[in-house]
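Dear colleague,

Please find the structure we spoke about just below, followed by some notes on what was found in it.

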Amino acid sequence: MAIAALLLLFSTCWNTCLGQSATSSANAATYANPILNAVGADPWVIRYEDYYYLTYTTNDNITILRSSELTDWNNADVKLAFTPPENESYSYDLWAPELHNINGLWYIIFTGDVDPDQPSPEQDMYCDFNCPAVNHRMFVLESSSSDPWTSTYAVKSELDTYDQFAIDGTYFNHSTGLYHVYSCWESAYVSWPSMLCISRMSDPWTVSSPLSERAIISRPDQPWEKTPYNRTINVRLSSNEGPEQLNNPKTGQQFIIYSAARSDNRNYCLGQLELTGQDPLSPASWTKYTTGCVFYQNPDEEVYGVGHASFTTSPDGTEEWIVYHGMHDYLEGWSARTIRTQKFTWNADGTPNFPRPGIGPFPVPSGQEGTGGGSGTSGSASAGSSGSSTASSTVTASVTGSTSVYLEPWGSSGSYASWETTWH
Ligand SMILES: *[C@@H]1O[C@H](CO)[C@@H](O)[C@H](O)[C@H]1NC(C)=O
Ligand SMILES: *[C@@H]1O[C@H](CO)[C@@H](O)[C@H](O)[C@H]1NC(C)=O
Ligand SMILES: *[C@@H]1O[C@H](CO)[C@@H](O)[C@H](O)[C@H]1NC(C)=O
Ligand SMILES: *[C@@H]1O[C@H](CO)[C@@H](O)[C@H](O)[C@H]1NC(C)=O
């Protein structure tokens, strides 16, 4: 409550004085972040024919937005793709949906839960400490047709995660087949930290690996994957989540860009794995970029907690764009997140060269100017919620309780120069 009161003081001017609620208008040459004037996290964008499709965590349902402009979702078309029925293993906490076009149909892969982060005491007692998130699992919806917008979506399956915690699942498409990559725990009741796991799939709705074949390809074992940097106690405040495949179209290099540290505070950032071996199921095939985050907070522009990215291209296909969530009022935690986008390029060694996260104004994507706005025929996009992409009220309380102690070293811009040198 003390934190909430403090926030009122800070947020009064910041939201309006620093342009973080700016909108871009149709046919503009520039845009500003965020690109949707609503709380939103875990954005996933795909370009198909003449439109971009955006989905993100709305917690109670799965909503798809459609726009001809990557940089303005306030005038987008809105479609309710799925509302879960009661009493199912996916009735609560619908997080991090992704819309994939595979073999002519559309698959929405998403996280769901049988309870609103409130397992029964009979289940919770198996955990070393509280584990409210213990029942998060992965599910797949299938479209009724080849059109993502006019289709209806129905539950196809639960993805086998061996009856263990699973969130933020995605597909990894490799020459040897399709894989499920998701955020996992070491075992069923261990609770945090979370890691990245991979298993083989026989089709977009079926995991074929037995548990013995499931591999852990990344753990939050680097200082910058903990929050604050280098934390040595309470490793629950470390995570690897939000994995996304990113291929370099010129070199063929295959990456997984994932989110590290902790999603409710300013230290959340993106890390990078590259598939440098032949077998995606072998942890030795993956090389982590250990120098630091590849995309991280930018106090100079008051952008914090950047993560859970997805990737798309400009309308003319000449530019690569990252879509991510970030925070302005970072003391508000998960409810501070909004959706943003920026152009990125490639380094000489073929790795992605992400920009510093910022507000803009930035030039619009190549081919967007003059294409007109979203058709805006079905109302405005306002489906926001504070859907959290990890954990629970219990864990939140423990983070909040330690905020003043552990975040203090990075609490002033004066300490930021050394922080940046250390990280990157
Ligand atoms: C859900 O389960 C509760 C408790 O068993 C039951 O009372 C309720 O009718 C169920 N609702 C539906 C829609 O099945
Ligand atoms: C995987 O990538 C190949 C090559 O781009 C493509 O032909 C195939 O459709 C993709 N498979 C899936 C399941 O996305
Ligand atoms: C991180 O922790 C290790 C072990 O305590 C220590 O040696 C190192 O100096 C720390 N690094 C930073 C940047 O704090
Ligand atoms: C989806 O759920 C969110 C959060 O409850 C709600 O604000 C929104 O109106 C819902 N969307 C639709 C299209 O019903």
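Predicted model: local features only at pLDDT ≥ 70, side-chain atom pairs only at ≥ 80, totals over all residues.

Residues are numbered from 1 along each chain as its sequence is written, and chains are lettered from A and ligands numbered from 1 in the order in which they are written.

For the protein, the mean pLDDT is 84, and 81% of the residues reach 70 or more. It has four helices and 23 strands, taken as DSSP runs (helices H or I, at least four residues; strands E, at least two) and numbered from the N terminus. Of its 424 residues, 46% count as buried, where buried means that 20 or more other C-beta atoms lie within 10 Å of the residue's own, exposed means 12 or fewer, and partly exposed is in between, with C-beta atoms placed from the backbone.

Strand β4 (residues 62-67) is largely enclosed by the rest of the structure, because six of its six residues are buried. From β4, I62, I64 and R66 point one way, whereas T63, L65 and S67 point the other way. Strand β3 (residues 51-55) pairs with β4 in the antiparallel sense over four bridges, pairing requiring at least two DSSP bridges between two strands, and T55 has I64 in β4 as its bridge partner. Six residues lie between β3 and β4 in this hairpin, and N59 in the turn has a positive phi of about 70°. β4 also pairs with strand β5 (residues 77-82), again antiparallel, over five bridges, and L65 stands opposite V78 in β5.

Elsewhere, four strands form an open antiparallel sheet in the order β19-β20-β21-β22. β19 (304-313) and β22 (352-353) stand at the edges, each with a single partner strand, so one side of each has no neighbour in the sheet. Two bridges join β21 (residues 337-346) to β22, and the bridge partner of W346 in β22 is P352.

K343 lies in β21 and is partly exposed, with 18 other C-beta atoms within 10 Å. Leaving aside residues up to four places away in sequence, K343 touches E319, E320 and W321.

With best wishes

Notes
pLDDT = per-residue confidence, 0-100. Contact = placed C-beta atoms within 7 Å.
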